[in-house]
Number of protein chains: 2
Amino acid sequence: MKIPPVKGTRDFYPPDMAIRNFIVDGWKKVSLRNGFEEYDGPIFEYLKMYQIKSGDEIVEQLFSLTDRGGRDLALRPEITPTLARMVNQQINALPKPIKWFSVPRLFRAERPQKGRLREFFQWNIDIIGVDQPLVDAEIIFTTVDYLRNVGLAPKDVKVKISSRKLLAAVLKSYGVPDEKLESLYVVLDKKGKLPADTFEQMLAEQVPDKETLAKISEFMQIDSIPELGELIDAGSEEFAAYNEIKEVLATLETMGVGDFCIYDPGIVRGLAYYTGIVFEVHDAVGDLRAICGGGRYDNLLRDFGGPAISATGMGMGDCVLEILLKEKGLLDQQVPKRQIDYFVACIGDIGNEAWRIIAKLRSMGYSANISYKTGGLSKQLKEASAQNANKCIIIGEEELKESKIGIKDMATGEQELVGRDEFFSGLDSAVVGTE
Amino acid sequence: MKIPPVKGTRDFYPPDMAIRNFIVDGWKKVSLRNGFEEYDGPIFEYLKMYQIKSGDEIVEQLFSLTDRGGRDLALRPEITPTLARMVNQQINALPKPIKWFSVPRLFRAERPQKGRLREFFQWNIDIIGVDQPLVDAEIIFTTVDYLRNVGLAPKDVKVKISSRKLLAAVLKSYGVPDEKLESLYVVLDKKGKLPADTFEQMLAEQVPDKETLAKISEFMQIDSIPELGELIDAGSEEFAAYNEIKEVLATLETMGVGDFCIYDPGIVRGLAYYTGIVFEVHDAVGDLRAICGGGRYDNLLRDFGGPAISATGMGMGDCVLEILLKEKGLLDQQVPKRQIDYFVACIGDIGNEAWRIIAKLRSMGYSANISYKTGGLSKQLKEASAQNANKCIIIGEEELKESKIGIKDMATGEQELVGRDEFFSGLDSAVVGTE
C-alpha cells in the first residue's frame, strides 16, 4: 500500500538535507560567535499558551491535538511563548544577560504557498533583560552577520528598521486614540505589501479625519533620519523614540553593516506585542515575503506570568531564505557535496582485509566505504567516483602478501604503492577532529 | 498567567542543550565516517502509515491529530515507515547502495518513565538493497564505533546478537507451526527482561507440549557459537542461518570490535517485521532498558507498496544513552562548556570603539561579548569569567588615543598592550573555520 507525504511538509533526501544543514549550521555558527547560547523547548505545548500571546484567532492556524488525559495541546507555531515560559520558570537562577538562540522546527496549519510551508525551521535570537537600544542594534547586527556570511550583499537584501514607540507617539500627537492604535498598525504594516492606492484607501477607511490622514500619510513617506528629525520637536515624546532609532542606526554604522540598513516607516509588524524598535529584512527586488523580522517586546514575559523584563529578538524562517539563496546561486556555490575520504577497492579474494582497513580508517576519524557488489576494479573505481571519494585504497592478493596497499588519488589519478603499516602510522587522526 | 510544560517533554536550557548537541553531533560524526548520508522526513505523516507496519494497536501509542481537511495524521513514533515511503517514492532514481542515517525527533503518547519520554531523539542508520550479512555486521560496527567513541568500553556495554531466521528455522524443526511463531517471539523476547521462573511459566503457557518446551528451553540457554554449532545439523535450514550469525561475529572480530559482541538467543525483538540478524545493546550491569536495537527487515519496503528489497538498520534513543553516559561520568568529562573567545571590557567613555572591535572579531569568526551593565573593570572581568572567556580585550581612553588595546589572558592572568591594527592583522581567521 502506497501512502503519500502530507501536503505542505518536506522530505529531506540527502541533497535536500545538505541544504538544510548548510542553512542551520550557518545560523548556529553566527549565533555562537555573536555570543548567544542555544536552547530548545518541546515540539508541543498547551494550546492556551499560544492564545495568551496571539488571541483566539491563532487556534485556526495551529495543529492542535489532545493527549490521553484530554489536555488540549498544539504543535508550536513559534518558539517565543516557550522562551517566555522557560525564562519565567527559572528567572532567578539563570545567569544574566539571557542571550539565547534556537533553531526550532515550527508548524502552521495553513494552505501551503511559495515560501510558506506547514512545517519549517526558524532561527531565533533573543536578548532578555537589557533595555538599551544598543541591544536592538546587536540583534540586527547578528542578523546581518549571518546574511553577509552566507554571501548576501547590500545590493541583495535590506534591513528595514522602524520603531513602534515612535509610531505610537506620532499617532498620539496627531490625535489618534489609544484604542485605535492596534487596528491602525495592521493597516500601516501593509504599506510595502499592497499597491499604493489600495493602501491609501484602507488607511482612509481607518482614519476618517482628512487632516489626520494627511499627517499620517506624510509621516509614512519620510524615509530618512534627517528629514524625520526636522518633523519632530525636541522635547516631545516622539523625540526620545526618534533618538533611539538614530542611535541604533549609528551603532550599526559603527559595526560595519550600515550599508545594509535603512529607516523605513512602513515596517510596523502586524503583531500586537512589539513595543520599540521593529525591523524586517527584505530582498532588494521585493518579490519575496520578508526574509525575517523582529523587534523589541518588553511586555511578553509579564504577560506569561513573569516579571516585567524587557526583551528583543528576531526570527528567520528557512523557506524564503532558501528561495533567495537558490536564486542568487549561493547554494550551488557553497553547499558541500557528499564526500568520502577513502574508498577501498579489492582485486580478487582478499578475505576480510578490506573490512579490517575500513574499520581502522573509520576508528581514526576518516570516512571510508567499500563496494557491496562483486565487480572488477574499474566498476569499483566508478562507484568511488560516484561517492566523491578523495582517495582509493586498492588491495589485491599480491599487496596482501607483501602487507602493502595501493593508494590512488582520485583527483590527479596518481597511484602509489605503500606499506600498510607505514600508511596507517603516517595518518594524522588529529586533522579530522577526532579525540 | 503561568503555564507549565507538558508532562513527558523536556525543556533544553543551554546546559541541557549542550548535552543534546554532544550526543547528536557524536551520532552524526560517526554516521558520516561510516559512509552514511543524512536524510529526514516530516514530523507528521498519515496515521494509516503507522498502522501498516505496526497494526491498529499502535494508534493507542500515537499522538494523532486531524488537519483542516479532516485527514488523520500522527506525530511520528519512529522514522522507518517514512524511510520506506521515501525510498519507495524514488526507488529508481536513488544512487545505490542506499546507506542513510537520520536523527529524528520522535513522539510516543505513553506514560513517561525512566529512560522513556513522550518526546525524544533517535539515531537511525539503515542500509537498503544489500542482503549480505556483512552489511548487518557493518550496522553493528557503526553502532559500536559510536559507543566506543563516546568512551564506553566492553566492560560497560554489550552488543547481544541473535537471528530471527535461525530462531524461526529452529522452532519449525521442533514442530512449532508458522501461525504460532509471532506470539512465541513476543514471549521469547522477554527472556532477559523477566525473572527466570516468570519467563519459564509464560513460555510453558505458549508451548503446551513438554518435549517441545524442553527443546526450546535448551536452545534458549545456549549462548556460545561453538555449542550452537554442535546442536545444528549441517545441511539443515537452520545451518544457513547459523552460518550467517557466525560470519557476522567473525567480521566484527576482524573489524576490531569483537570484544563488545556476544551471541545471545534471548534477543528476539518484539516487532513482527524482523527477518534475519537482530541485536540489542545493553549496559553490562543490566539495570537499564536496551540502549539500542536493530536488525534485518527484508519485507518492509514491499509492505509499503515498493519492490522486495532487503534492508537492515539500527535505532538508538537519546534518553537511556544519556542516563548511562551520566552514570559513567562521560558527560561531565566531555560535554564542552560554554566558551567565548574574547570579552571586551571598557574603562571610562570610549564611545563606540568597543562595538567596532566586537563587530570585527565576530565577522572574522571569533565569538565575542561585552557587558551591558555599567560597572568597573573588576565587575566586567568577573562577567568575562562567568562566560568562560579565553581573553579579555581592555580599552580605556588612554588606549583609544594611542590606537592600542590591552589583552588579558584569562587562564594565566598575563596582560599585554598591543597596537590595535597589529592585533587584528595578526589574527588568523582561518583557524576558526570561517570562509
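Modeller: To begin with one pairing, Glu38(B) has Phe101(B) of β5(B) as its bridge partner. Keep in mind that this is a predicted model.

Colleague: What makes β1(B) and β5(B) a pair?
Modeller: Strands pair if at least two bridges are found between them. Strand β1 (residues 37-38) of chain B and β5(B) have two bridges, in the parallel sense, so they count as paired.

Colleague: Which strand runs antiparallel to β5(B)?
Modeller: That is strand β7 (residues 119-128) of chain B, joined to β5(B) by five bridges. In β7(B), Ile125(B) stands opposite Phe101(B).

Colleague: Why is strand β5 of chain B called largely enclosed?
Modeller: A residue is buried if 20 or more other C-beta atoms lie within 10 Å of its own. Five of the five residues of β5(B), residues 98-102, are buried, so the rest of the structure largely encloses this strand. Ile98(B), Trp100(B) and Ser102(B) point one way, Lys99(B) and Phe101(B) the other way, and all are buried.

Colleague: What is found for strand β5 of chain A?
Modeller: Five of the five residues of β5(A) are buried, so by the cut-off of 20 or more C-beta atoms within 10 Å the strand is mostly covered. β5(A) runs parallel to strand β1 (residues 37-38) of chain A, with two bridges, and Glu37(A) stands opposite Trp100(A). Five bridges join β5(A) to the antiparallel strand β7 (residues 119-128) of chain A, where Ile127(A) is the bridge partner of Lys99(A).

Colleague: Why are α1(A) and α12(A) called roughly perpendicular?
Modeller: Helix α1 (residues 14-33) and helix α12 (residues 318-327) of chain A pack at about 105 degrees, with their axes 11 Å apart. Angles of 65 to 115 degrees count as roughly perpendicular. The angle falls in that range, and therefore the label applies to α1(A) and α12(A).

Colleague: Which residues meet there?
Modeller: Ile19(A), Arg20(A) and Ile23(A) of α1(A) meet Asp318(A), Leu321(A) and Glu322(A) of α12(A). The contact divides into three nonpolar, no polar and three charged residues.

Colleague: What makes β14 and β17 of chain B edge strands?
Modeller: Five strands of chain B form an open sheet in the order β14-β13-β15-β16-β17, with mixed pairing. β14 (368-370) and β17 (415-419) each have a single partner strand, so one side of each lacks a neighbour in the sheet. The average twist from one strand to the next is 30 degrees.

Colleague: How many bridges hold β13(B) and β14(B) in their pairing?
Modeller: Three, and strand β13 (residues 340-347) of chain B runs parallel to β14(B). Phe343(B) stands opposite Asn369(B) there.

Colleague: How do you know that the two copies are related as by a two-fold axis?
Modeller: A rotation of 180 degrees, with 0.0 Å of shift along its axis, superposes chain A on chain B with an RMSD of 0.0 Å. The copies are therefore related as by a two-fold rotation axis. In chain A, Leu65(A) has the C-alpha nearest the axis, 2.6 Å from it. The same surface serves both copies, since 100% of the contact residues of chain A recur in chain B.

Colleague: How many residues does each chain bring to the contact?
Modeller: Chain A gives 71 residues and chain B gives 71 residues. On the chain A side, helix α14 (residues 353-363) gives the most, with five residues. The residues on that side divide into 36 nonpolar, 17 polar and 18 charged.

Key:
Residues are numbered from 1 along each chain as its sequence is written. Chains are lettered from A and ligands numbered from 1 in the order in which they are written. This is a predicted model: local features need pLDDT of at least 70, side-chain atom pairs count only at pLDDT 80 or more; totals for chains, interfaces and linings use all residues. Two residues are in contact if their C-beta atoms, placed from the backbone, lie within 7 Å. Helices (H or I, at least four residues) and strands (E, at least two) are DSSP runs, numbered from the N terminus. Ala, Val, Leu, Ile, Met, Phe, Trp, Tyr, Cys and Pro count as nonpolar, Asp, Glu, Lys and Arg as charged, and the others, Gly among them, as polar. A residue is buried if 20 or more other C-beta atoms lie within 10 Å of its own, exposed if 12 or fewer, and partly exposed in between; C-beta atoms are placed from the backbone. Copies are superposed by least squares on the C-alpha atoms of residues with pLDDT of at least 70 in both. Axes are lines fitted to C-alpha atoms, for helices over the stretch in contact, and angles run from 0 to 180 degrees between N-to-C directions. Angles under 35 degrees count as roughly parallel, over 145 as roughly antiparallel, 65 to 115 as roughly perpendicular and the rest as oblique.
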